[in-house]
Amino acid sequence: MNIDSIRNGIVIDHISPGKGMRLVQLLNLDREDMSVAIIKNVHSRKMGKKDIIKIDAEIPVDLDVIGFVDPEATVNRIQDGVLTEKKKIVQPKQLVNVIRCRNPRCITSVEQEIRHVFVLRDDGYRCLYCETRAEEDRK
Amino acid sequence: MRSVIDIMDLSTAEIQDLIVTAEDIIENPDQYAHACERKKLATLFFEPSTRTRMSFEAAMYELGGHVISMSEANSSSAAKGESVADTAKTVSNYVDIIAMRHPKEGAALVASMNASVPVINAGDGGHCHPTQTMADLLTIWREKKQFDHLTIGFCGDLKFGRTVHSLAGAMARYEGTKLVLISPEELRLPDYVKKNILAPAGVPFTETTDLEGSMNDLDILYMTRVQRERFFNEEDYLRLKDRYILTEEKLKSAPERMIVMHPLPRVNEISVAVDEDPRACYFKQVLYGKYMRMALILKLLKEAGRL
Ligand SMILES: [Zn+2]
């Protein structure tokens, strides 16, 4: 795959450096059977450095996941080599089954069927059930 | 379906209404003796807590209702591997309201999301125990006749003590609340409680290790027990558990107005001799807890259209 020219696919751009890998994981791109390029620490006039993900396939991507990991990222859809759509990214109010609660005392740690829900609060994402903060939130 | 999982699920206006009902029950118990006739409460206790379960059961009986229980711990449906969600769905078919206790945080919320009757959280791990806080609030109301402009001293385990976090949150909603946080360094109130509960409400607080030196400022002294199960090693527990012991002697220098509260059971934080002091309110808390549970059962059954 030529990483510079995708004919049909998705480019996630302006990702804060270091967050590209996490996005690939949470979007399950490492498990899908398709060409994906992660370009790390690309020089950027606007950001100094940035990560870029190029997906050489027209697949649906979960914008909530992108909004959770990095609301500053941009998503471009490419068709026949032309940019056809720019998606607006916002921080989702709720995140369902994307990350798991790490609190061993949380009900989600013992009951497998419960949806893992994180809710956006004033100070970041917290588990709906036990109010423990989401791991990625911790600075 | 309205459930009560966290004390913050209830507005201050609703708490005031519950207090009005509870005081009316205290004055006119006969008028409530048949209020919940033919209604059933299920007590689902996935971990033993005899006193809380008995309080709910006494509350329902005094309202003329019935109680069915899942036996505690081993014989519970949890032992057979049934999920909280399925248990809540199943039991909803038998009863009008559920009181649930579970060792895991958030379990009562999961139950309420799946039940078709109201769920009252009777404790979910170290997380929430709203009816304990309701008992505390009725005690404060009965003793002080107000919620505004009170200075509350919390003493003991402020780090893990959920009753402390919950009552602090409930009191932060009233005007002029001040807190004095008395604890060993290791058991101080967590930063997230200060940041998320006290700071937004603008509640002033001081932190100290000195119990006797703090008592003069207090309207309420809320003692807590240091829980053994919170410690990794026995040494730390033994060192900290006897740090604050309220004795008759210490209470001598405390102001007349300072009531003493404790969520019980106590270990040795309060000497038995203190029980005779008119300022000791912890057994009243137990009684008031039953009345507030009665008031809450009535409120939730009415809201659910079952009364
Ligand atoms: Zn959780």
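This is a predicted model: local features need pLDDT of at least 70, side-chain atom pairs count only at pLDDT 80 or more; totals for chains, interfaces and linings use all residues.
Modeller: Local features need pLDDT of at least 70, side-chain atom pairs count only at pLDDT 80 or more, and totals for chains, interfaces and linings use all residues. Residues are numbered from 1 along each chain as its sequence is written, chains are lettered from A and ligands numbered from 1 in the order in which they are written, and side-chain values use heavy atoms, with hydrogens and water left out.

Biologist: Which atoms coordinate the zinc ion?

Modeller: The SG atoms of C101(A), C106(A), C127(A) and C130(A), at 2.3 Å. Donors are N, O and S atoms within 2.8 Å of the metal (3.2 Å for Na, K and Ca); water is not among the atoms, so sites may look incomplete. Along the chain, the donors follow the spacing C-x4-C-x20-C-x2-C.

Biologist: Why is the site of the zinc ion called tetrahedral?

Modeller: Four donors count as tetrahedral if all angles lie between 85 and 135 degrees. Here the angles among the four donor atoms are 100 to 113°, so the site is tetrahedral.

Biologist: Why does C127(A) count as buried?

Modeller: Buried means under 20% relative accessible area, exposed over 50%, and partly exposed in between (1.4 Å probe, protein chains only). C127(A) has 1%, so C127(A) is buried. C130(A), at 6%, counts as buried too.

Biologist: What makes the buried residues of helix α3(B) line one face?

Modeller: Helix α3 of chain B covers residues 84-91, and its buried residues are V84(B), A85(B), T87(B), A88(B) and V91(B). Seen down the axis of α3(B), they fall within an arc of 165°, so they line one face of the helix. The arc is that of the directions from the helix axis to the C-beta atoms. Helices (H or I, at least four residues) and strands (E, at least two) are DSSP runs, numbered from the N terminus.

Biologist: How do you know that β5(B) and β8(B) pair?

Modeller: Two strands pair if DSSP finds at least two bridges between them. Strands β5 (151-155) and β8 (220-223) of chain B have four bridges, so they count as paired, in the parallel sense. F154(B) stands opposite Y222(B) in β8(B).

Biologist: How many bridges join β1(A) to β4(A)?

Modeller: Five bridges join these strands, which run antiparallel. V11(A) has N76(A) as its bridge partner in β4(A).

Key:
Four donors count as tetrahedral if all angles lie between 85 and 135 degrees; four count as square planar and six as octahedral if opposite donors are over 155 degrees apart and all others between 65 and 115; anything else is irregular.
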